[in-house]
Amino acid sequence: MFLGAPGRSWWPCVLAFVQFFFECESFTGLPLATKPASLWPALLKVPPSALKSALPTTPELIVPGEQCDRECAPDGPPLVCHFHWKLENFATMGSSCWLCQKGNRTHCFHRQCITGNGMERGVVTINRRIPGPPIHVCKHDTIVVDVENELEGAGSTIHWHGFHQEATPWMDGVPMVTQCPIAQSTTFRYRFQAVEAGTQFYHSHSGYQKANGHYGLAVVRSADDLNRAQYDYDLSEHRIIIADWTLDMVEKWVPGVQNQSMRVDSVLINGRGRYFNETTGTRMEAPLTVYRVEYGKRYRFRLISSGSQYCPFQTQIQNHSMLIISTDGGSVQPKHTVDTLVAISGERYDFVLTANQTPGNYWVRVRGIGFCNPMRVEDFAILSYITADDAMKAEPGLTVEQTLAFTKQPVPAYDEPYPLGIVLNHQTAPCYTPSDEFICAADLESYEQFRDNELIDAPADRTFYLGFHVIKANNSLLFAERGFSHFATVRDDFNTIGATNMISFVPPSFPLLVQPELILDEDTMFCNVSHRPAHCDDDHLCFCTHRMKVQHNDVIDIVLYDTAKVRQEFYHPFHLHGHRFIVTDTGRFPGNISTDQIPYLRGLRTTRRPNALSPPYKDTQSIPNRGFVRIRFRADNPGFWLIHCHFEWHLANGMGLVLQVGEIEGMLKPPADFPRCGSYQPPLDGGTV
C-alpha cells in the first residue's frame with residue numbers, strides 16, 4: 001500500500017480509465033475516506049500506448065496543479081503542473097466567514113473563510129487561503145505557477161525555498177536580485193523543474209507579506225525515497241505549517257509605533273489557532289487543525305517553520321514520539337526518535353509518527369520559545385484516531401473532522417508543559433561538545449551514498465567571516481539630515497537596524513541577474529568588509545549593496561557569528577539561496593571573548609565533526625546567541641544568490657548580502673522577453689538620454 005491510498009495508484013488508474021472506463025479514486029484523502037478525483041480532459045485524449053511510450057521523454061503533458069498530487073512511480077511520466085494564483089488583500093474572520101465569529105460553526109468552514117486565531121485582521125492571501133494552496137508533485141515534474149498580483153499598490157515575488165533553480169536562476173523570486181517585483185494588475189509565470197525532492201515551501205520575498213499570510217507548502221515526492229519503508233502513509237493533509245501571528249498587520253512596527261512592544265500574539269498551525277488573552281482568561285472560539293490517524297499505522301508528517309519574528313517553535317505530540325527522517329528536504333537515516341522538536345524560521349523536518357496509543361484524541365502542542373518565552377504563546381492542533389463510531393461524533397451540519405476542530409476538551413494550561421524528553425535542537429544544546437547527549441540538526445546523518453568526501457575533506461578555496469548584529473540606532477543616526485535609513489521599532493525608543501560586518505544591505509535599483517549590463521562599475525556599485533564607500537569607515541555603520549564574490553565550483557567556508565554583547569535566548573536563522581551546505585562546526589564563544597571573535601574563530605583550525613559521520617545537507621541553520629556556525633558548500637550554481645537572516649524584520653532592515661557565484665558571462669541568461677525594470681532619471685535639462 002502506498003502513501004495512504006487504499007485504492008489504486010494514480011497513473012495506472014488513468015490508463016485503466018482510458019481503456020476500461022473504471023472509476024479512479026483519489027490518492028489524497030484520509031484512510032477510509034477517499035474522494036473521487038476529476039481527470040484532466042487532456043489525459044483522456046491520449047491513447048494509453050502513447051502514454052507509456054512517449055511521455056517519459058516528452059514532459060509536456062499539462063495538467064492542473066492539483067492533479068499532480070499522486071503516487072510517484074519509478075517509470076511514471078513527468079507532468080507539467082499548472083497552478084493559478086491570485087494575490088489579494090483580504091481579512092481573517094471577515095465577511096467571507098459570515099456568522100462564524102458569532103457562533104455559527106458551519107460558516108467557519110466556508111471555502112473562502114480564513115479563521116486565523118479567531119480575531120478579525122487584515123491579511124494578504126493567495127487564492128484567499130492562509131497558508132496558500134499546497135503544491136504536491138513528483139520529482140522531475142515541471143511546476144508552473146501563474147501569479148496574478150491584485151494587491152493594491154504593492155509589488156510582490158514568490159521565493160521557492162529549498163529549490164536551487166540551477167537551470168532557471170531567474171525563478172528564485174528575490175526582488176531586485178533575480179527579478180523585478182510583480183507589479184499590481186500584472187501576472188508573472190514561474191516555471192521550473194522539481195529537481196529537489198523533499199519538503200520545501202514557498203513564501204513572498206517582498207516587504208512583510210510573508211508575516212501577513214503569503215506562505216505555503218511545496219512537496220516533491222520521489223519514487224526512490226530511501227525512507228519509504230519507515231511509514232505506511234504519506235497523506236497530503238499531514239502537514240504542520242507553523243507561523244507566528246499578530247493582532248494587526250505587522251507593518252505597524254516597521255518603522256513602527258512606540259507605544260506598543262513588538263510581540264507575537266498567537267501561533268497558527270496550518271492557518272488556525274485561538275487567540276488567548278491571559279489577562280482576561282478568554283480564548284477565542286475558532287476551529288483548530290485536525291489530523292486523523294488509524295491505530296497501528298505509521299504516518300509521515302511534514303513540518304515547516306514559517307515564522308517571521310524572533311521565536312523558534314517547540315512541537316510536541318501528546319504521548320507520541322517522532323522519528324526524524326528528513327531535514328530541509330534532505331533524507332537522513334532514521335536513527336533519532338525525539339519527543340520534542342525545535343525548529344526555527346525556514347527549517348523543515350519530516351518525521352514518522354506511529355499511531356500506537358489508545359484510540360482517542362491527543363494534543364499537538366506548539367509553543368513559541370526563546371525570545372517568546374515572556375509572551376507565553378502557544379497553540380494546538382488535534383491528533384484524532386479513526387474509530388468505528390466516527391459518524392456518531394459529528395454535530396448537525398458538520399463533518400466529524402469539523403466537529404473535532406471545535407473540541408470540547410480544555411487545552412492544557414501554559415504552566416503545565418509536557419515533559420521535554422529527548423529534544424532535537426534544544427535551545428541551550430552545546431553542540432559537538434564531547435560526551436554531550438543533545439541532538440542538534442547537524443548531528444543527523446545523511447545516507448552514506450550522499451556523502452561528499454571531496455567537499456568534506458577538501459581545503460576551502462575561500463573562507464569568509466560574517467559577523468551579524470542588530471544595532472540599536474539612536475535618533476542622530478536615524479533622522480540625520482544627510483539621508484534616511486531603514487529601521488524597525490521594537491518598543492519605546494528602542495529602534496534597530498540589521499547589519500553584517502557593519503554593513504546594512506541596500507538592494508540594488510535593478511535585478512542583478514536579469515540586467516547585469518547595468519553594472520557599470522563594480523567598485524562603485526558594491527561593497528564588502530574590505531571595500532566600503534567613501535562615506536563609510538570602520539567605526540560607522542555602512543549602508544550599501546553588500547556583495548560577496550566567489551569563483552564557480554570553489555569550495556566555500558562561511559563562518560557566521562553573532563556579535564551581540566549580551567547572552568540571551570536569541571538565535572538567528574540564516575538561509576542560503578541556490579545551494580545546500582553542510583555544517584562543520586558550531587558553538588558559543590567563551591565568556592571572556594567579547595570583541596576578538598575572529599582571532600578565536602581562526603584558531604579553530606580543525607573541524608570537530610567526526611569524519612566518519614555523513615553530515616546532513618541543509619539550507620537554513622540557526623546560529624547560537626554569542627556563538628558561531630561554520631558551513632561549507634560547493635559554489636556550483638552560477639548566479640546572484642541571497643544570504644540572509646530569515647527573520648522578516650532583520651532582512652528588511654539590512655541583515656543580508658548577495659553571493660555572486662562566477663562571472664556574469666558564465667551565468668545562464670533569462671528568456672529574451674523576461675520583465676525588466678530600474679530607475680528612471682532623465683537629464684535635468686529635459687533633454688534625452
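Predicted model: local features only at pLDDT ≥ 70, side-chain atom pairs only at ≥ 80, totals over all residues.

Biologist: Why is the link between cysteine 97 and cysteine 113 called a disulfide?

Modeller: The two sulfur atoms lie 2.1 Å from each other, and because a pair of cysteine sulfur atoms within 2.5 Å counts as a disulfide, the name applies to cysteine 97 and cysteine 113. In general, such a link is a covalent bond between the sulfur atoms of two cysteines. A search of the whole structure finds eight disulfides.

Biologist: What makes the disulfide of cysteine 97 and cysteine 113 right-handed?

Modeller: The torsion about its S-S bond is about 100 degrees, so the disulfide of cysteine 97 and cysteine 113 is right-handed. Both cysteines lie in the loop between β4 (80-92) and β5 (121-126), so the pair ties together parts that are 16 residues apart in sequence.

Biologist: How do you know that cysteine 100 and cysteine 108 are joined, and which hand does their link have?

Modeller: Their S to S distance is 2.0 Å, which falls within the 2.5 Å cut-off, and with 95 degrees about the S-S bond the link is right-handed. Both cysteine 100 and cysteine 108 are buried.

Biologist: What is the hand of the link between cysteine 180 and cysteine 677?

Modeller: A disulfide joins cysteine 180 to cysteine 677, with an S to S distance of 2.2 Å, and with -105 degrees about the S-S bond this link is left-handed. The pair links distant parts of the chain, 497 residues apart, with cysteine 180 in the loop between β8 (158-161) and β9 (187-193) and cysteine 677 in the segment after β39 (656-661).

Biologist: Why is cysteine 180 called buried, and why is cysteine 677 called partly exposed?

Modeller: Cysteine 180 has a relative accessible area of 7%, and because buried means under 20%, cysteine 180 is buried. Cysteine 677 has a relative accessible area of 25%, which lies between the 20% and 50% cut-offs, so the term is partly exposed.

Biologist: What makes β16 and β26 edge strands?

Modeller: They belong to an open sheet of six strands in the order β16-β25-β24-β18-β22-β26, with mixed pairing, and β16 (290-293) and β26 (423-424) each pair on one side only.

Biologist: How do you know that β16 pairs with β25?

Modeller: Four bridges join β16 to β25 (residues 378-385), and because at least two bridges are needed for a pair, these strands, which run parallel, count as paired. In β25, leucine 383 is the bridge partner of tyrosine 291.

Note on methods: Residues numbered from 1 in each chain as written. Heavy atoms only, no water. Helix = DSSP H or I, 4+ residues; strand = E, 2+ residues; numbered from the N terminus. Buried < 20%, exposed > 50% of the residue type's maximum accessible area, 1.4 Å probe, protein only.
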